[in-house]
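Take each exercise in turn, try it yourself, and then follow the worked solution.

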Amino acid sequence: DYTMNGLNVLLTGACGRIGKTFFEASKDRYRFTLTDRVTPGFAFDGHRFVQADLSDKTALPALLDGIDVIVHLSGIPHASATFDELLPNNILATTYLFEAAVAAHVKRLVFASSAQTIEGYPVDRQITPGMPVLPANLYGVSKCYGEALCGYYAAKTPLSTIALRIGAFEFAETHDLNNARDLSAWLSPRDAVQLLQRSVEAEGVKHLIAHGISNNRFKRLDLSETTRVLGYRPVDDAFQLFEIPITY
């Protein structure tokens, strides 16, 4: 049971929707260093905030001093992103962060991947562990690259890596879920918090590609390996919560 005296966690993309949600729920659980390119519109309550652009590798050593675990949520999150947008934010920044993590003797890096890594499969096909990646856009390609970095660094260095294929993270009150395919990939805020906490704390994991969705009746991503390895127990079901007919 970690308290404020427990793990030192670097949270990148701290001002994003998932970053803020994770921080607010976990600020009494870990000692955070928060970083983003923009300044947060929320109080960081005694935790450290450093404004930084991770594609500038000179900014990284100071961020990583004393860090146990990195939760890397920053990056361009849009399926329509161009290569010119993705290169500094999703490719270079992630590469530099892995390099710096190893140099700083960080124990684990939790990488926010995406269900876009497999979005090329038909919508009625469930994604099970070990299926080849099949991205449908360059954003998905950039996340496949991040997953490959996770594998490389787990194989060749002491770093433990967990890649989370995050589905459709939406707040129930402001959601943008329109059909059964969207519902099948929903990740609720409280399930996202649990998934990230389990990824930070689970012991004995050297490398894992985990699936990040809620306990939806129909699941775009199979959760069996994620629940087995991480002890993740999602509670929310999009098909119960949202009144959207199960038709395509």
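## Exercise 1: The largest pocket

The largest pocket holds about 1,000 Å³ of space. Keep in mind that this model is predicted.

**Task.** Find which residues lie nearest the centre of the largest pocket, and which elements supply its lining.

**Solution.** 
- Step 1. Start in the middle: Arg17, Ile76, Pro77, His78 and Tyr139 lie nearest the centre, out of 42 lining residues.
- Step 2. Move on to the elements. The helices that each supply at least two lining residues include H1, H3 (83-103), H4 (138-156) and H5 (180-184).
- Step 3. Sort the lining by class: 18 residues are nonpolar, 14 are polar and 10 are charged.

## Exercise 2: Two helix pairs

**Task.** Decide how H1 lies relative to H6, and how H3 lies relative to H4: roughly parallel or roughly perpendicular?

**Solution.** 
- Step 1. Take H1 (residues 17-26) and H6 (residues 189-201). Their axes cross at roughly 70 degrees and come within 9 Å.
- Step 2. Angles from 65 to 115 degrees count as roughly perpendicular, so H1 and H6 are roughly perpendicular to each other.
- Step 3. Look at who makes this contact. H1 contributes Ile18, Thr21, Phe22, Ala25 and Ser26, while H6 contributes Pro189, Val193, Leu196, Gln197 and Val200. By class, that gives seven nonpolar, three polar and no charged residues.
- Step 4. Turn to H3 and H4, whose axes are 10 Å apart at an angle of about 10 degrees.
- Step 5. Angles under 35 degrees count as roughly parallel, so H3 and H4 are roughly parallel to each other.
- Step 6. Among the H3 residues in this contact are Phe83, Leu86 and Phe98, and among those of H4 are Leu138, Tyr145 and Leu149. The contact divides into 11 nonpolar, five polar and two charged residues.

## Exercise 3: What lies under cover

**Task.** Find which residues of H1 are buried and what covers them, then work out whether Leu34 is buried or exposed.

**Solution.** 
- Step 1. In H1, the buried residues are Ile18, Gly19, Thr21, Phe22, Phe23 and Ser26.
- Step 2. Their cover includes strands S1 (8-12), S2, S4 (69-72), S6 (160-166) and S7, together with helix H6.
- Step 3. Now go to strand S2, where Leu34 is found. Leu34 has 0% relative accessibility, and because buried means under 20%, Leu34 counts as buried.
- Step 4. Check the surroundings of Leu34. Leaving out residues up to four places away in sequence, Leu34 touches Leu11, Ala14, Phe23, Phe42, Phe44, Arg48, Phe49 and Val50.

## Exercise 4: Positive phi values

**Task.** Say where Asp45 and His105 sit, and what the phi value of each is.

**Solution.** 
- Step 1. Asp45 has a positive phi, near 50 degrees. Asp45 sits in the loop between S2 and strand S3 (48-51).
- Step 2. His105 also has a positive phi, near 60 degrees, and belongs to the loop between H3 and S5.
- Step 3. Asp45 counts as partly exposed because its relative accessibility is 46%. His105 has a relative accessible area of 68%, so His105 is exposed.

Terms used:
Residues numbered from 1 in each chain as written. Predicted model: local features only at pLDDT ≥ 70, side-chain atom pairs only at ≥ 80, totals over all residues. Heavy atoms only, no water. Axes fitted to C-alpha atoms, helices over the stretch in contact; angles between N-to-C directions. Helix = DSSP H or I, 4+ residues; strand = E, 2+ residues; numbered from the N terminus. Parallel < 35°, antiparallel > 145°, perpendicular 65-115°, else oblique. Contact = heavy atoms within 4.5 Å. Nonpolar A, V, L, I, M, F, W, Y, C, P; charged D, E, K, R; others polar. 1 Å grid on protein atoms, 1.4 Å probe; cavity = no way out; pocket = protein on both sides within 12 Å on 5 of 7 lines; lining within 4 Å. Points joined across faces, edges and corners; volume = space filled by probe spheres on them. Buried < 20%, exposed > 50% of the residue type's maximum accessible area, 1.4 Å probe, protein only.
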